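Colleague: I'm new to this one, so could you take me through the aromatic rings? I'd like a close look at how they pair up.

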Amino acid sequence: MDRLGDIREAALELFTRKGFEATTMSDIGEAVGMRAPSLYKHVASKQDLLARIMVETMDNLLTAHRTAVANVSDPVERLRRATEAHVRYHARHRLEAFVGTREIRGLTEPHRTRVLDLRAEYEACFRTVIQAGADAGVFHVGSVRLASYAILDLGMGVAVWYRANGEHPEDAVVWQYSEFALRLVGART
């Protein structure tokens with residue numbers, strides 16, 4: 001891994017364990033074997049590190065979503081694939097999910113607005129899929145927006161409890177959560 005990648009990974013682990021506010025540049029430097037002043041050759045600030053982590057996470061989620069639903073027209077299959085991509089990402093990137101959920105309060109402008117805009121764009125992707133299914137008469141929900149929030153929360157929760165060496169294999173979790181999502185929207189298949 002390159003030096004910036006090492007710094008990012010150390011910051012991610014420390015932000016998860018200690019929190020953004022409690023983590024110092026000295027902590028990050030110590031974790032990668034550098035003095036804090038030397039870190040500034042690679043990153044502008046601790047804020048910059050947090051923003052990079054959060055923007056990268058949202059960009060990766062949006063890319064995974066778009067790839068999952070590309071060339072699929074059936075709303076049921078689109079929601080299944082979107083949910084699978086969402087859950088799989090959160091199972092594989094637990095620290096990013098944790099920091100992305102907990103540390104939004106630590107972002108300052110313009111980073112905060114950028115991340116919130118990306119989050120809104122991601123939620124809208126799910127809402128569009130659910131609305132298409134409702135319009136086609138295969139999904140039955142009282143609120144498309146609340147359904148999208150619920151499905152997003154399902155996936156984000158996986159990051160809290162899932163362990164690769166745990167009781168449930170990743171593929172089983174991904175499949176079961178996609179089934180939960182389809183039930184949540186009252187899918188008629």
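Modeller: Searching the whole structure turns up five aromatic pairs; rings of Phe, Tyr and Trp (its six-membered ring) pair if their centres lie within 6.5 Å, and planes under 30 degrees apart count as stacked, over 60 as edge-to-face and the rest as tilted. Take Tyr-122 and Phe-126: their ring centres are 5.4 Å apart with planes at 75°, so this pair is edge-to-face. Both sit in helix H7 (residues 111-135), four residues apart, or about one turn of the helix; helices (H or I, at least four residues) are DSSP runs, numbered from the N terminus. Tyr-122 and Phe-126 are both buried, where buried means under 20% relative accessible area, exposed over 50%, and partly exposed in between (1.4 Å probe, protein chains only).

Before going on, keep in mind that this is a predicted model: local features need pLDDT of at least 70, side-chain atom pairs count only at pLDDT 80 or more, and totals for chains, interfaces and linings use all residues. Residues are numbered from 1 along each chain as its sequence is written, and side-chain values use heavy atoms, leaving out hydrogens and water.

Now look at Trp-161 and Tyr-177, whose ring centres are 6.5 Å apart with planes at 35°, so that pair is tilted. This pair links distant parts of the chain, with Trp-161 in helix H8 (residues 144-161) and Tyr-177 in helix H9 (residues 170-184), 16 residues apart. Trp-161 has 38% relative accessibility, so it counts as partly exposed, while Tyr-177 is buried at 13%. Ring pairs also join Trp-161, Tyr-162, Tyr-177 and Phe-180 into a cluster.

Definitions and conventions
Helices (H or I, at least four residues) and strands (E, at least two) are DSSP runs, numbered from the N terminus.
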